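The questions below go with the structure shown here, and each answer works towards the value or name that was asked for. Please keep the model open while reading.

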Amino acid sequence: MSTLKSLIKSLKLMERRLPLYLLAIFMMTALNALFEVAGSVFMKIIFDTASKSCDVNSGQEIIIAIVLGVMSIIFASVFMCIYNNEAKRMSLKLKNIVFEKSMKFPYEYYEEYHSAEILSKMVYDTDVASNIYSSRLRRVVAPIIFVVVFAIAMAVINPFMTIILILFNALLFVTNSLISKPMKIVGKELSQKNSAMTNIIYNIIAGIGLTKIYDVNLFGIEKYKKENNEYTRIQKSKMCLSALLEMLNNGFDLLCSLMFIVIGIILIQYELATIGELAAIYTLYTSLSFRFLQLGKNFPELVNCIAYAERIFEF
């Protein structure tokens, strides 16, 4: 099952509440982005007014920017509450679906599959998969919405500088997305190893009386150590991938900042931008660059959660 199909299948479980959930994500993100845009416009007005003679309309523009910012943050809080309620509701629903399904299997299923493996899916896999609703999807969608809103605002302020900066950040996202496939593979391996370790622990506890009488728990312990070492090895691989992502993100962030300074100085020298425009775009670009870094980091993590959702769907 492809990652996109698994994500769509996960979202379809929300049924009639899905539009409200998606609307809440969009509105709270767009309104938060609008709040930051209002702050950058406020900064632009201040810098342009300070570098020129006092403009009569500056006071009115400042008031509009402040009112717009306050209203956007208030309504964003309302939609954030709606989102949190829907996410928690769906996490609980997913756990109930898995539990109810496990109670409806025929007896032959429990003879074929270990009960500890079923327990692992009901607890561990379900917890990780439910993160799709509570945080992971929003953390991937939100940066995209932020970037669109910021890009529009930056294009209105200074189109030339905006195009260069966005193209450079798009390169960052493409680079990060290449790591999503290894992250998905690692996520599946971690889930399988966790299930195996749960099986071993369950067997030891279930037969604790016999193991104490005949002292036969040594084999189980050694087997658990072997699986635990494999789990640790895979976890280290995941940490290395995360460290690689962090290194790429920090490197691109520094390069983007240096590029912005160089481009800004050139545009001001050729009178293609004002100090106010540069200050406003810098404010927005700092947030835009941060959102791109978030997108590159959170996308592989979403893919990892989807890998656990696929195991649940198989179950």
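**Reading the predicted model**

Q: Among contacts between residues at least 6 apart in sequence, what percentage join residues at least 24 apart?
A: The model is predicted, so that local features are reported only at pLDDT of at least 70 and side-chain atom pairs only at pLDDT 80 or more, whereas totals for chains, interfaces and linings use all residues. Residues are numbered from 1 along each chain as its sequence is written, and side-chain values use heavy atoms, with hydrogens and water left out. With a contact taken as heavy atoms within 4.5 Å, the share of these contacts that join residues at least 24 apart is 88%.

Q: What percentage of the residues count as buried?
A: A residue is buried under 20% relative accessible area, exposed over 50% and partly exposed in between, with a 1.4 Å probe and protein chains only. The areas come from the Shrake-Rupley method, and the protein exposes about 17,500 Å², of which carbon and sulfur atoms supply 68%. Of the 315 residues, the buried share is 41%.

Q: What is the volume of the largest cavity?
A: Rolling a probe the size of a water molecule over the atoms shows where empty space is left. A cavity is here a set of points, on a 1 Å grid over the protein atoms alone, where a 1.4 Å probe fits but cannot get out; points are joined across faces, edges and corners, and the volume is the space filled by probe spheres set on them. The search of the whole structure finds 1 cavity of 30 Å³ or more, and the volume of the largest cavity is about 40 Å³.

Q: Which elements give two or more residues to the lining of the largest cavity?
A: The lining, made of residues with an atom within 4 Å of a point, consists of Ser-10, Leu-94, Ala-129, Ile-132, Tyr-133, Ala-309, Ile-312 and Phe-313. These divide into 7 nonpolar, 1 polar and no charged, where Ala, Val, Leu, Ile, Met, Phe, Trp, Tyr, Cys and Pro count as nonpolar, Asp, Glu, Lys and Arg as charged, and the others, Gly among them, as polar. The elements that give two or more residues to this lining are helix H5 (115-157) and helix H10 (275-314).

Q: What is the phi of Glu-15?
A: Most residues other than glycine have a negative phi. Glu-15 sits in the loop between helix H1 (3-12) and helix H2 (18-51) and is exposed, with a relative accessible area of 56%. Its phi has a positive value, near 55°.

Q: With which residue does Glu-15 form a salt bridge?
A: A salt bridge requires a side-chain nitrogen of Lys or Arg within 4 Å of a carboxyl oxygen of Asp or Glu, and the search of the whole structure finds 6. In the pair made by Glu-15, the closest N and O atoms are 3.3 Å apart. Because Glu-15 lies in the loop between H1 and H2 and its partner in helix H3, the pair ties together parts that are 78 residues apart in sequence. That partner, partly exposed at 26% relative accessibility, is Lys-93.

Q: Which residues are linked with Glu-86 in a network of salt bridges?
A: Glu-86, in helix H3, is buried at a relative accessible area of 3%. The residues linked with Glu-86 in the network are Arg-17 and Arg-89.

Q: How many residues apart in sequence are the parts that Arg-136 and Glu-301 tie together?
A: The side chains of Arg-136 and Glu-301 meet in a salt bridge of 2.8 Å, N to O. Arg-136 is buried at 18% relative accessible area, whereas Glu-301 counts as partly exposed at 22%. Since Arg-136 lies in helix H5 and Glu-301 in helix H10, the separation in sequence is 165 residues.

Technical notes: Areas by Shrake-Rupley, 256 points an atom, 1.4 Å probe, with all protein chains shown as cover. 1 Å grid on protein atoms, 1.4 Å probe; cavity = no way out; pocket = protein on both sides within 12 Å on 5 of 7 lines; lining within 4 Å. Helix = DSSP H or I, 4+ residues; strand = E, 2+ residues; numbered from the N terminus.
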